[in-house]
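The following questions and answers concern the model displayed here. Please keep the structure in view while reading each answer.

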Amino acid sequence: MSSVHVPPDAMQPLAASQHSSPVLGFLNTRRSTPLALLGAPGPAPSQLDLILRLASRVPDHRRLVPWRFIVFTDAAKQEAAQQIGARFAELNETASADEVATEVRKFACSPIVVALVSTPDRAHKTPVWEQELSVGAVGQNLLLAANASGFAGVWLSYWYAVDPKICEAFGLCVTERIAGFFHLGTASENPIERPRPDMQKIVKYWQPALHDDAI
Ligand SMILES: Cc1cc2nc3c(=O)[nH]c(=O)nc-3n(C[C@H](O)[C@H](O)[C@H](O)COP(=O)(O)O)c2cc1C
């Protein structure tokens, strides 16, 4: 089991940049692991503490910390999965027992599920959009910290992330939203690469427009 790092003194200057080929290689090859390939073991409590603390080291305009985590493990995770199955059956009256069981299994199959909850302060002068962007950064950091701790993971939402009854059952208030469920565990096989963005299409160096009167 990896040791938990002691955070540096808050007043100590940190490295503004640190060249690291391993980190570049890590970012270049990171991937999510499909749920079907995620099994035991998952992070131990001390490892999960570290993953969630590192996930929370993100840019955050005016330090509002507009997110929180809900961790599902063991019997409570199974109960949450059963509630998702029951809600699925309620919403889909013609669903077969197999279809309901699939919904239950999807939530319960990985050792640990972490719900990342967006908790924006709508009255604050920091726009909600910016608060939500911080939550997205937390999600990506969570995956990276899990991978760097030796675990695989995937960020999923599914229908129940936006189902009002499931959100209520998971303890959300009406101003909160689930940014995603992070399934963490160990990969039974390594995922293969998927197509990546064509950088030519999404990167442009801005140039001032040439107007006739400027020529
Ligand atoms: C907010 C959010 C919600 C997602 N929800 C789902 C989902 O419900 N089902 C799904 O198959 N993939 C979902 N994905 C995509 C998976 O995370 C997907 O495995 C991932 O984008 C694969 O890319 P990667 O290997 O580069 O991480 C979601 C992604 C994000 C960012």
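**Reading the fold**

Q: In which loop is the place of Pro-41?
A: Helices (H or I, at least four residues) and strands (E, at least two) are DSSP runs, numbered from the N terminus. Between two such elements, Pro-41 is found in the loop that joins strand E1 (38-39) and helix H2 (45-55).

Q: What is the form of the peptide bond from Ala-40 to Pro-41?
A: This is a predicted model, in which local features need pLDDT of at least 70, side-chain atom pairs count only at pLDDT 80 or more, and totals for chains, interfaces and linings use all residues. Residues are numbered from 1 along each chain as its sequence is written. The bond that leads from Ala-40 into Pro-41 has omega near 0°, and its form is cis.

Q: In what order do the elements of the protein chain run from the N terminus on?
A: The protein chain has 7 helices and 5 strands. Read from the N terminus on, their order is α-β-α-β-α-α-β-α-β-α-β-α.

Q: Is Val-65 buried, partly exposed or exposed?
A: Val-65, in the loop between H2 and strand E2 (67-72), has a positive phi of about 45° although it is not a glycine. A residue is buried if 20 or more other C-beta atoms, placed from the backbone, lie within 10 Å of its own, exposed if 12 or fewer, and partly exposed in between. Because Val-65 has 14 C-beta neighbours inside 10 Å, it counts as partly exposed.

Q: Which residues does Ala-115 touch, not counting residues up to four places away in sequence?
A: Two residues are in contact if their C-beta atoms, placed from the backbone, lie within 7 Å. With residues up to four places away in sequence left out, Ala-115 touches Phe-69, Ile-70, Phe-170, Ile-178 and Phe-181.

Q: Which strand gives the most residues to the shell around the ligand?
A: The residues around the ligand, including Arg-31, Trp-155, Tyr-158 and Arg-194, count as near if their C-beta atom, placed from the backbone, lies within 6 Å of it. The shell divides into 4 nonpolar, 3 polar and 2 charged residues, where Ala, Val, Leu, Ile, Met, Phe, Trp, Tyr, Cys and Pro count as nonpolar, Asp, Glu, Lys and Arg as charged, and the others, Gly among them, as polar. With 3 residues (the element spans 152-156), the strand that gives the most is E4.
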